[in-house]
Amino acid sequence: MSSKSGDGRSSGSPITPANHPPDGKTNMPGYWHCNVWDDRHVAPGWGTIREINEALARYEINLGWHRPKLHGIGFAEDMNEIWFVRVNEDDDLLAAAVLATVAGWHGATGSVRLGKQKLRKAIKRLAPAQACQDVVQPNLRIWREISGWHWTGGYVRGGSLVAVFDADPELPSHDPYVIALRQVVASGRQAVPADEIHIRTPPGGHHPLQTAWEARWPQLVPISSDLRAEEDRWVRFHGLPGSKRYAETPSEYESILRRHNVVLEALGARTPDLYVITLAIGSTPVPRLRNPVLEELLPDAECWAVLSWPHLDPQLAFAHAYVNRLTWQPGRLDDLLGKVADDEIAHVIIAPPDLAWLYAPYDGGADVLLSTTALRDNLRDRHREWLSSHPVGL
């Protein structure tokens with residue numbers, strides 16, 4: 001898939017020295033002969049920034065491209081969605097030129113598919129740049145990581161590898177991969193460390209729940225599995241006797257739902273309203289399709305926050321936090337809790353409007369977070385028979 005926009009070469013300061021080899025030196029390693037890069041003589045290393053700039057100039061002689069302002073690579077699972085593993089803004093043009101060369105890309109803005117062999121060629125061609133200690137090579141690092149993954153034909157992790165180039169982000173593009181590249185770059189997702197989670201305002205604007213969450217739980221992100229980080233106020237209840245994880249009989253399903261509802265009522269779930277918070281994992285900061293099971297159970301959900309999702313690293317993933325406001329009645333949440341018990345749905349948090357407590361069901365039980373240790377202890381002591389025998393309560 002490709003689309004082009006813009007005319008002429010992108011503006012930018014010329015790279016020096018001149019783009020051609022010295023007179024009479026056309027046999028120098030690393031130069032093109034008759035418009036073909038000589039892979040038999042790859043330079044042993046470009047140890048200075050000047051040598052890297054010279055290498056970029058040599059690549060650009062034959063590309064005839066428009067220098068990209070943005071570029072990146074990712075895995076395209078279909079024609080409309082791509083999961084980026086690396087994006088660049090006004091950075092690492094040499095890596096972009098290498099990818100464009102091996103992929104045969106000579107355009108301005110658009111996308112082109114790669115395969116494992118082309119990726120390996122790109123790695124080989126960019127490798128000399130690592131000799132320069134003044135310039136890091138994050139693209140080379142991620143290319144090598146991807147190359148080591150398990151590939152099936154031209155596919156890896158359920159998708160095909162795609163390189164995306166954007167010469168002018170101000171011009172319209174109909175390429176969905178280019179649109180996604182612009183969104184991911186604008187979000188700043190690439191700069192988020194792998195072990196951190198950042199929360200940002202959704203595209204629709206600030207939501208009141210984001211303010212309420214930050215006021216009540218400033219140290220937490222709205223991810224159910226993270227609630228146990230507050231161990232002084234956290235307790236876990238199991239859904240079945242003997243810590244059995246999944247139900248196999250109708251009576252076991254009844255046991256799971258009974259325990260959920262008993263704890264929810266003890267927490268005070270009989271309030272006029274309850275929040276049900278869910279997550280949808282996506283490839284861009286812009287909300288897209290939710291889990292169809294969730295969409296059926298909880299339609300008309302509002303996106304109230306966008307999180308950087310670290311659990312698919314190195315994929316630059318996002319989690320869109322949604323909320324539904326429900327009126328409590330007995331059995332109102334049973335269908336949802338049953339789907340969670342069967343692991344059809346994950347990342348659910350139930351809470352009152354003031355977020356005084358958080359209830360996070362999972363396939364095996366529920367994590368509960370209360371506002372004080374005393375409240376946690378009281379709830380825990382009332383249902384000790386449902387606790388885990390694990391030393392830390394898991």
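Guide: A search of the whole structure finds 17 salt bridges, a salt bridge being a side-chain nitrogen of Lys or Arg within 4 Å of a carboxyl oxygen of Asp or Glu. The model is a predicted one, in which local features need pLDDT of at least 70 and side-chain atom pairs count only at pLDDT 80 or more, while totals for chains, interfaces and linings use all residues. Residues are numbered from 1 along each chain as its sequence is written, and side-chain values use heavy atoms, with hydrogens and water left out.

One of these salt bridges joins D166 to R182, with the closest N and O atoms 2.5 Å apart. Because D166 lies in strand β8 (residues 159-166) and R182 in helix α5 (residues 176-187), the pair ties together parts that are 16 residues apart in sequence; helices (H or I, at least four residues) and strands (E, at least two) are DSSP runs, numbered from the N terminus. Both D166 and R182 are buried, where buried means under 20% relative accessible area, exposed over 50% and partly exposed in between, with a 1.4 Å probe and protein chains only. For R182 the relative accessibility is 18%.

Leaving aside neighbours within four places in sequence, R182 is in contact (heavy atoms within 4.5 Å) with L70, T109, D166, D168, P169, L171, P172 and S173. With D168, the backbone oxygen lies 3.3 Å from a polar atom of the R182 side chain. E170 is twelve residues from R182 in sequence, and the C-alpha atoms of the two are 9.9 Å apart in space.

Elsewhere, D363 forms a salt bridge with R245, the closest N and O atoms being 3.1 Å apart. Since D363 lies in the loop between β15 (358-362) and β16 (365-369), and R245 in the loop between β10 (234-238) and α7 (250-267), this pair ties together parts that are 118 residues apart in sequence. D363, at 11% relative accessibility, counts as buried, whereas R245, at 44%, counts as partly exposed.

A further salt bridge brings together the side chains of D273 and R325, at 3.7 Å from N to O. This pair links distant parts of the chain, 52 residues apart, with D273 in the loop between α7 and β11 (274-282) and R325 in strand β13 (residues 317-326). D273 counts as partly exposed at 24% relative accessibility.

How values were computed:
A polar contact is a pair of N or O atoms within 3.5 Å; within protein, one must be able to donate a hydrogen and the other to accept it, and residues adjacent in sequence count only if both atoms are side-chain atoms.
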